[in-house]
Amino acid sequence: MDAPVAANNLVALARGRYYNGATVYKVEPGKYAAMGGLNDDGSGSPGYTLDPDVGGRPAVAGSVALLVIDGKLSGQFLIATGDGDLGVPHVVVGKVTDGLDIVRELKAGDKINALNITETR
């Protein structure tokens, strides 16, 4: 695993249903859809921050990445909808395995029903 701290954080939050009902708060067409804050504007956190993993892999279409905000990881994440520089600090933790076409149709204000995680080795 390239980014164990970030990946474990995302998995724990998803399994704890932290993301259920969260809002897609920003969409950069051809780049990413961002979500995971407690508030509709993306602000809010699970009540803690973590130091981000160093290194990692570049984002490509379908990459799931935790955002690095003020040098820390929290709960906000993005899904890359295209290849290339996303323009925001992030740590890639996984990839969308099914439904990238749906992710590309997301709009700001859409809600997450549930975030399902499948772990592979």
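User: What makes Tyr19 and Phe77 buried or exposed here?

Analyst: Buried means under 20% relative accessible area, exposed over 50%, partly exposed in between (1.4 Å probe, protein chains only). Tyr19 and Phe77 are both buried, and Tyr18 is buried as well. Keep in mind that this is a predicted model, where local features need pLDDT of at least 70, side-chain atom pairs count only at pLDDT 80 or more, and totals for chains, interfaces and linings use all residues. Residues are numbered from 1 along each chain as its sequence is written, and side-chain values use heavy atoms, with hydrogens and water left out.

User: Why is Tyr18 with Tyr19 called an aromatic pair, and why edge-to-face?

Analyst: Rings of Phe, Tyr and Trp (its six-membered ring) pair if their centres lie within 6.5 Å; planes under 30 degrees apart are stacked, over 60 edge-to-face, the rest tilted. Tyr18 and Tyr19 sit 5.1 Å centre to centre with 80 degrees between the planes, so they pair edge-to-face.

User: And what makes Tyr19 and Phe77 edge-to-face?

Analyst: Their centres are 4.9 Å apart and the planes 75 degrees, so the edge-to-face label applies. This pair links distant parts of the chain, 58 residues apart: Tyr19 is in the loop between H1 and strand E1 (24–28), Phe77 in strand E4. Helices (H or I, at least four residues) and strands (E, at least two) are DSSP runs, numbered from the N terminus.

User: How many aromatic pairs does that rule give, and which residues form the cluster?

Analyst: The count is two aromatic pairs, and Tyr18, Tyr19 and Phe77 form one aromatic cluster.
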